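This briefing goes through a two-chain model by topic. The sequence and structure come first, and the notes follow.

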Amino acid sequence: MSTPSQTSPCLLTNKGGGRYSSLPGLVTLALIDVKGNTTFDCANSSVLDISGGQAVAIPVNCSAKSFGFTVVKGKTYEVRVVFIQQPSPFDAVANLVETPCNQKLLQIDDTTPSVVLRVTA
Amino acid sequence: MSSFLGCLVGAASTANAQAPLPGSQSVSEAGATKTSNSGVVNTYFGSVTKSPPKACHARFLTEAKDAISRKSPIPLIDFLSFGTDAPCATYLLLSSNQFQAMRTSLQGKTIQAVEQDIERRAAKEVKAIAQQSGSSSGTGGSTNLTSKGLTAKVLSIASEYGALTQSVSNQTTTVQGSVAGIPLVLMDKGYLAECSTRILSVTPCFSHGVMDQLSRISYSVSFATTPSVGTVTGTATGAASGTAQQVTVKTSDHSVNQFSFKWVAIRGIVSDTAMAKTAAAISKTGTGKALVDAQAKLVALENDSNNPKAVAWETNFAQQLLAEIQSGGNSSAAIESVFNKWREAGTAMASAFGLPENIDQASTGPSVPDSVSGAVELAHAYTQYLGAEEDQGLSAIIAQPPILSFEYDDNRSSSQPSDSVFRAIYQQKWTPLTLTVNGALSIYNSGQSAVPGAGRLRDAQFATEAAHSFALNTPLSSSLGVTLSGAFYYQYQSSPAILNVTPGAPVDGVTFTGLPSTAAQVYGKTGNIAIGQLKLSVGSGSSVTVPLSVTYSNRTELITSPTWKAQVGVSYDFDSLFSGNK
């Protein structure tokens, strides 16, 4: 007997202005192209734990189309993401979504070559 | 069979990083942006453009429609935030009265002085790009059997000797590059913006479409650099005065012996492999890191727990904007009206960031508030990053086979009648093999009635080259690029090749026997010229390339006997000097 498919719950809740609350767990962002090709710039993107006085970089699992990091309850993170837009930054459009729940977070175009998000768990 | 050792001097061609912790290292200190913070502020402390960037208008329409459909102000809050729409928020802050007041008074600098400053810096950048230091390095030019569809992006300077089809060769220096080369480098440095995203009025702008078209056009100018090229003749005038004699001197020297233009008519679709390669090149420029670091500084100010006004202003203003759109029936006119309200909100935004509306130099002193210096720095970083993407992206597009180019050459050799060559160039690539095919017609620019059998059509040409690229592992280099190519060239000489001679002043390198003293032109036989060449280019794909070649021809334009030529040289691709790669 097969199990009926269930929609995965989203961890992130958009508060506006790049501020998000999050449930603990692995947050995975993905890029879905609308026009052209947009990818994560893994070398220049990072996640910082800014809960304490000193910001600390945390591990990130990054590929061209996926960007994941683990959120721990009680922590606040600054997510710095750079996008590479091709073949021209003025032609490419993509949606930044949270997976696997497929929640659209932002449209990535020539006014958003990078974003800085604050995620609080 | 004669042998010849010429010098072919070059062929101009073609995880997670640990982010710096906030406050631990500035962008300028990180090295990604060479200009210091104060330098950026001083140079770019100009006014914003009169109208918001078109990209912001387009983005606002998108966010407004999203807010309407979701019945939520969140998309509009995103539009107002430095974290999620940095350039539009930057424009708004820099359009504030507070910024205008400081702009005219900061350090006594007027906007005119700032504009002169940026012009000086841009001119310095151009000078750094275009000025050659030391001796020229070379390119193939006429020592190549085929023409390629592309030239160096910015600039290449080449010196060559040893023409393959002609019997007389002079030392020639060739300067070539793409028309878009220098604008792209200025864009890459942040001194030139794309018009739809321009924030600061002192930054000149080109549209993406113009840059796209300019990148298709390249130029080439060749100069004869052999001291003996051309002839200088003196004729005695008047009577001699003792051992002195007045003369009238004439010269047949041509300072420019060829210029040409090339236009890429058709180019291929950028492959996934090329996309990945270009993405790596963009990432390596470091401009993305400079951008996100500058953005993070503003986000820190925006979310400063000691000043909750900024976040409160974003939320309240977004709610107000959505309410007005809804009260206008969610119509396009209502959205446009609300957009105009947004563009006038800079002063309120600056107040929320702690800048009082009556701020002036007296109240700020010589220091610049962090929000202002941060916004100016962010505007510059944004322009520079988009410029780097445009630069690398257009380079990838233009170099994507199949490429069909058309070339016009105007040959103005001092020793031959001038002629024009119309050439079509096709290049296709099946990795690792590249095929190049040329077809060309050459016509004399003027009738050659003095030469029997000479018409306006000088010759017809066909050439093809197959090149195989591979890598070698050597003790000196883990991956040394090597290209092995074979080329065939055919020329049907329908009109005789003509050499202009001056009696008593023979052409350099040619000795005539039995030539009548009154002869002003000599000419060869018509017929078929066939040339084959094998070439090994060591270091291909890198900045330094060493081409080695052996060429055989059944005849040249004037000499009817077979000829062997061996050539070796060194080339340097200047483009690497101007790329953003560190």
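**Briefing on the predicted model**

Helix 16 of chain B is mostly covered, with 27 of its 29 residues buried. A residue counts as buried if 20 or more other C-beta atoms lie within 10 Å of its own, as exposed if 12 or fewer do, and as partly exposed in between, with C-beta atoms placed from the backbone. Helices (H or I, at least four residues) and strands (E, at least two) are DSSP runs, numbered from the N terminus. The model is predicted, and local features need pLDDT of at least 70, side-chain atom pairs count only at pLDDT 80 or more, and totals for chains, interfaces and linings use all residues. Residues are numbered from 1 along each chain as its sequence is written, while chains are lettered from A and ligands numbered from 1 in the order in which they are written.

**Chain B: helices and cores**

- Chain B contains 17 helices and 20 strands, and 45% of its 582 residues count as buried.
- From its first C-alpha to its last, helix 16 of chain B reaches 41 Å over 29 residues, close to the 42 Å expected at 1.5 Å a residue; the expected span is 1.5 Å times one less than the number of residues.
- Helix 5 of chain B has 9 of its 9 residues buried, so it is largely enclosed by the rest of the structure.
- Among the buried residues of helix 5 of chain B are B:Tyr91, B:Leu92, B:Leu93 and B:Leu94.
- The largest nonpolar core has 90 residues, and B:Leu76 and B:Leu93 touch the most other members. A nonpolar core is a set of buried Ala, Val, Leu, Ile, Met, Phe, Trp, Tyr and Cys residues joined through C-beta atoms within 7 Å.
- Helix 16 of chain B gives this core its largest share, 10 residues.
- Another core, of 19 residues, lies apart from it and includes B:Ile182, B:Ala396, B:Ile398 and B:Ala399.
- Beyond its neighbours within four places in sequence, B:Leu93 is in contact with B:Phe99, B:Gly346, B:Met349, B:Ala350, B:Phe353, B:Ser371 and B:Ala375. Contact requires C-beta atoms, placed from the backbone, within 7 Å.

**Chain B: paired strands**

- Strand 13 (residues 457-472) and strand 14 of chain B run antiparallel and are joined by 14 bridges; strands pair if DSSP finds at least two bridges between them.
- B:Ser469 has B:Thr483 of strand 14 of chain B as its bridge partner.
- Strand 14 (residues 480-493) of chain B is also joined to strand 17 (residues 527-538) of chain B, antiparallel, by 12 bridges.
- Opposite B:Tyr490 stands B:Ala530 in strand 17 of chain B, and opposite B:Tyr492 stands B:Asn528 in that strand.
- Strand 17 of chain B in turn runs antiparallel to strand 18 (residues 544-553) of chain B, with 8 bridges, and B:Val538 stands opposite B:Val546 in strand 18 of chain B.
- B:Gly486 lies in strand 14 of chain B and counts as partly exposed because it has 14 C-beta neighbours inside 10 Å.
- Although 48 residues apart in sequence, B:Gly486 and B:Leu534 are 4.7 Å apart in space, C-alpha to C-alpha.
- Leaving aside neighbours within four places in sequence, B:Gly486 is in contact with B:Ala466 and B:Leu534.

**Chain A**

- Chain A has 0 helices and 12 strands, and 50% of its 121 residues count as buried.
- Along the principal axes, the C-alpha atoms of chain A fill a box of roughly 50 × 40 × 25 Å.
- Of the contacts in chain A between residues at least 6 apart in sequence, 70% join residues at least 24 apart.
- Chain A has an open sheet of 5 strands, in the order 7-8-3-10-11, with antiparallel pairing.
- Strand 7 (61-62) and strand 11 (103-108) of chain A are at the edges with a single partner strand each, so one side of each has no neighbour in the sheet.
- Strand 3 (residues 25-35) and strand 8 (residues 66-71) of chain A pair in the antiparallel sense over 6 bridges, and A:Leu29 has A:Phe67 in strand 8 as its bridge partner.

**Contact between the chains**

- Chain B gives 51 residues to the contact and chain A gives 40 residues.
- Elements giving two or more residues to the chain B side include helix 5 (86-94) and helix 16 (370-398) of chain B.
- The chain B side divides into 27 nonpolar, 16 polar and 8 charged residues. Ala, Val, Leu, Ile, Met, Phe, Trp, Tyr, Cys and Pro count as nonpolar, Asp, Glu, Lys and Arg as charged, and the others, Gly among them, as polar.

Note on methods
Two residues are in contact if their C-beta atoms, placed from the backbone, lie within 7 Å.
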